[in-house]
Amino acid sequence: MKKIANTFPLCVGLMLLLLSSFLQAEVPTFTIEIRGHLFYPSQLVVPANTKIKLLVINQDPTPEEFESYELNREKVIMGGAKATIFIGPLKPGDYPFFGEFNPKTAQGVIRVEQ
């Protein structure tokens with residue numbers, strides 16, 4: 001009986017880890033690249049009422065900050081690095097974002113559609 005009691009927390013931990021991996025695999029992933037202080041694509045269309053994983057790849061040698069007041073997100077991405085940002089679920093509409101270090105050029109919008 002003592003062996004079962006000792007392995008129970010391990011089994012629960014493994015089940016939670018597997019469940020977490022399964023749930024993350026189900027999240028749709030969209031990619032935005034930063035090149036020359038611009039976002040590519042500058043407009044990204046995503047489904048409404050769905051949590052998404054946004055992969056932001058900074059191809060520039062300098063850091064950039066992905067920022068959006070409407071999405072309540074900000075994340076610094078070092079030059080040559082990438083970052084993962086989870087957003088949503090969102091209602092249909094436009095959610096602008098910009099690069100805080102280059103706000104005049106690095107601009108974009110996430111368009112959420114039904």
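Student: What pattern does the chain follow, read along the sequence?

Tutor: Going along the sequence, the pattern is α-β-β-β-β-β-β-β-β-β. That comes to one helix and nine strands. Helices (H or I, at least four residues) and strands (E, at least two) are DSSP runs, numbered from the N terminus. Heads up: this is a predicted model, where local features need pLDDT of at least 70, side-chain atom pairs count only at pLDDT 80 or more, and totals for chains, interfaces and linings use all residues. Residues are numbered from 1 along each chain as its sequence is written, and side-chain values use heavy atoms, with hydrogens and water left out.

Student: Okay, how much of the chain counts as buried?

Tutor: Of its 114 residues, 31% are buried. Buried means under 20% relative accessible area, exposed means over 50%, and partly exposed is in between (1.4 Å probe, protein chains only).

Student: Which strands does strand 1 pair with?

Tutor: Strand 4 (residues 52-58) pairs with strand 1 in the parallel sense, over six bridges. Strand 2 (residues 38-40) runs antiparallel to strand 1 and is joined by three bridges. Pairing here needs at least two DSSP bridges between two strands. E33 has I57 opposite in strand 4, and Y40 is the bridge partner of E33 in strand 2.

Student: What sits between strand 1 and strand 2?

Tutor: Their hairpin has two residues between the strands, and G36 takes a positive phi near 60° there.

Student: New topic! How many salt bridges does the structure hold?

Tutor: Two. The term means a side-chain nitrogen of Lys or Arg within 4 Å of a carboxyl oxygen of Asp or Glu. Side chains of opposite charge can pair when their charged atoms come close. One of the two joins E33 and R35, at 3.0 Å from N to O. E33 is partly exposed at 23% relative accessible area, and R35 is partly exposed at 37%.

Student: And what does R111 pair with?

Tutor: R111 forms a salt bridge with D94, with the closest N and O atoms 2.7 Å apart. R111 is in strand 9 (residues 107-113) and D94 is in strand 8 (residues 93-99), so the pair ties together parts 17 residues apart in sequence.

Student: In what order do the strands of the open sheet come?

Tutor: The order is 3-9-8-5-6, five strands with mixed pairing. Strand 3 (43-47) and strand 6 are the edges, since each pairs on one side only.

Student: What joins strand 6 to strand 5?

Tutor: Five bridges join strand 6 to strand 5 (residues 64-68), and the two run antiparallel. V76 belongs to strand 6 (residues 73-77), and E65 stands opposite V76.

Student: Is V76 buried, exposed or partly exposed?

Tutor: V76 is partly exposed, at 42% relative accessibility.
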